[in-house]
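Please examine the model shown below together with its sequence. The paragraphs after it are meant to be read alongside the coordinates.

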Amino acid sequence: MNTDKKRLVLGCGALVYDLLRLIEQNPGLSDKVKLQCLPASWHNKPQLIAPGVDDYLAKHGNLYEDVYIAYADCGTGGALDRVIEKYQAKRIGGAHCYEFFAGSEAFHEMAEQELGTFYLTDYLVKNFKRLMIKGMGLDRYPELFDVYFANYKKLVYLAQTENEQWQKEAAQYAKDWGFKYEYKLVGTGYLDCVFDDIEIMPLASEEN
Amino acid sequence: MSEEDDFDLNELDDKDLVEQIQDDLYDGLADEVTEGTEILLSRGWDANDVLGDALVGGMKIVGVDFRDGILFVPEVLKCAGAMKGGMKILRPILAEAAEDTSLGKFVIGTVKGDIHDIGKNLVGMMLEGAGFEVIDLGINNPVENYLEAVDKHQPVIVGMSALLTTTMPYMGVVSEEFEKRGLRKDIHMMCGGAPLNQEFADAIGVPAYGRDAARSAEMAETHVRDSMNKREHR
C-alpha cells in the first residue's frame, strides 16, 4: 500500500463551498483529504453524474486510499450507487442535496405539505441566473417557463449560511415566478457525514 | 431568418416541403410547421402521412440528437412546441378517422408524489403521433386513478412516468396491484422517466421501459401490432 495516499472526497460542484468550509473548520482534515468537485451544471443533467464519477475514478481513483462521494442519489435512479459499489466507495444518504441539508424528516414533511416545491440552496441562489435561467434555457425561451413550472407553487430557500443578499434574491425569484416563499436556515445538515469515517480512522501511514 | 433567406413554403415540392417541415420543427419554429402542415393537407395529403412523415419524422431526428447530446432539454421542448402547432391542425382530422386507424387507447400518468410531466407530455405527443388515443391522467396519480381509468377507457397499454428517485418505486405498487387484479394479461404496462432503466422495470415487473419519447412510442406501436398479428394467426 502506498502510505502517502490521501482520501478522495469527490463531490458535486454545487457543494464546493460547503465542503471547503467543513474542511477548514476541521484543520485535521486538510492533510488527509483531497477534495475534487465535478461540474455543478450536472445538477440539471443528472444522467451525466454516474458516468462522470465513474470516469474520474477510473482515471484517478487508484491515487487514493479511500473514496467518499459527496452526492446524494441526485436523480441518478441508483446508477450512482452502482458506480460507488464498483469502487467500494460510499456516498451521503438521501435522494437529493435538499434532503441531506434539511434532514430527511423535515424534507419529507416539506414535500408532503406542498409537492410543487422548488428548492434552492446557497449555491443555487448565488448561481441562479447561470444554472436555472440559462441552464434551463429560460433566457432564450422564456415561454418555456410554464412547461417547466406549471405544477410548482412554492419556493423554499434551504440556506447553508446567513446571507441577507441571497435571501433578498431568493425572495425576489419566488415573487418573479409567482410562488409562495419560505426561508429556512438549515446549515449543511448531514453533509459532514462524508468526513465522519475520515476523522475516525487514521490513515494507513499514521498506523505505521 | 434573414429576409434574403425567407422563402415561400408553397414553392417547395412535396419532398422538399416535408424536409423543410422537419427542419423547422428541429428549429422550434411553430408557425412554419403549422403552415407547412396546412400546405401538405391542401395538396391532398392524408393527415396520417403528414403526421408520420413530417412531424413524427422530425421529432425522431430531434430524439436522436437529444440522445447523442447535440440537443438539450430546452431545445427539445421548443421542438415539441412546434410539433404541437402541426398537431393542432391534424388532431380533428385524425379524430374523425380514429375508428379506422387508431391503435387503441393508451392511459398515461405521472405516479403519486411526483409533479413532473415534461417527459410524460412528450411521450403522450409521440404516442398520439403513432396513432394512439391518449388518455392523460396528469400528475401525482395514486394507483386508484390508474384502475379507474382502466375501467372507464379499456386501454391496451398503461404507462407510468416519474422523474424522482423517491417516486419511481411507486410504479411497483401500481404494477403489483394490476397483477393482483389479473389485469396484466389484457393490459400491457410501460414505464419511463429520467432516473429509470430496464433493470428497474424488470425489478418491478413492468415489461417495457421506454428510454425516451420516440422509443416509447415505437415500443408501444410494436407491441400493439405484434398482438394484432398474433390474434390474426390464431
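The model is a predicted one.

The contact between them draws on 10 residues of domain 1 of chain A and 9 residues of domain 2 of chain A. The size of an interface is often expressed as the accessible area that is lost when the parts come together. For domain 1 and domain 2 of chain A, the buried area is about 730 Å², and carbon and sulfur atoms give 63% of it. On the side of domain 1 of chain A that touches domain 2 of chain A, the residues divide into 4 nonpolar, 4 polar and 2 charged.

The contact between the chains can be described in the same terms. Chain B contributes 20 residues and chain A contributes 21 residues. Together, chain B and chain A bury about 1,600 Å², with 63% of that area on carbon and sulfur atoms. Within the area that chain B buries against chain A, B:Pro74, B:Lys78 and B:Ile115 supply 31%, more than any other three residues. Across the interface of chain B and chain A there are 2 salt bridges and 6 residue pairs in polar contact. Helix α4 of chain B, residues 73-96, gives the most to the side of chain B that touches chain A, with 5 residues. That side of chain B divides into 10 nonpolar, 6 polar and 4 charged residues.

Which residue of chain A forms a salt bridge with B:Lys78? The partner is A:Glu143, and the closest N and O atoms of this pair are 2.5 Å apart.

Side chains of opposite charge can pair when their charged atoms come close. Over all chains, the count of salt bridges comes to 22. In chain A, a network of salt bridges links A:Arg7, A:Glu65 and A:Asp66. In chain B, B:Asp68 and B:Arg67 meet through their side chains at 3.4 Å, N to O. B:Asp68 counts as partly exposed at 46% relative accessibility, and B:Arg67 is partly exposed with a relative accessible area of 47%.

Another salt bridge of chain B joins B:Arg181 and B:Glu177, with the closest N and O atoms 2.7 Å apart. Here B:Arg181 counts as exposed, because its relative accessibility of 52% is over 50%. B:Glu177 counts as buried, because its relative accessible area of 19% is under 20%. In helix α10 of chain B, residues 213-233, B:Glu218 and B:Arg215 lie 3 residues apart, about one turn of the helix. The side chains of B:Glu218 and B:Arg215 meet in a salt bridge of 3.4 Å, N to O. B:Glu218 is partly exposed at 31% relative accessibility, and B:Arg215 is partly exposed at 32%.

A:Cys74 has a phi near 55 degrees, a positive value in a residue other than glycine. A:Cys74 lies in the loop between β3 (64-70) and α4 (79-86) of chain A, and is buried, with a relative accessible area of 18%. B:Asn140 also has a positive phi of about 55 degrees, although it is not a glycine. The place of B:Asn140 is the loop between β2 (132-136) and α7 (143-153) of chain B, where B:Asn140 is partly exposed at a relative accessible area of 31%.

Finally, B:His188 is in strand β4 of chain B, residues 188-192. B:His188 is buried, with a relative accessible area of 15%. Not counting residues up to four places away in sequence, B:His188 touches B:Val156, B:Ile157, B:Val158, B:Pro207, B:Ala208 and B:His223.

Conventions:
Residues numbered from 1 in each chain as written. Chains lettered and ligands numbered in written order. Predicted model: local features only at pLDDT ≥ 70, side-chain atom pairs only at ≥ 80, totals over all residues. Heavy atoms only, no water. Helix = DSSP H or I, 4+ residues; strand = E, 2+ residues; numbered from the N terminus. Buried < 20%, exposed > 50% of the residue type's maximum accessible area, 1.4 Å probe, protein only. Contact = heavy atoms within 4.5 Å. Buried area = accessible area lost by both parts, 1.4 Å probe. Nonpolar A, V, L, I, M, F, W, Y, C, P; charged D, E, K, R; others polar. Salt bridge = Lys/Arg side-chain N within 4 Å of Asp/Glu carboxyl O. Polar contact = N/O pair within 3.5 Å; in protein donor to acceptor, adjacent residues only side chain to side chain.
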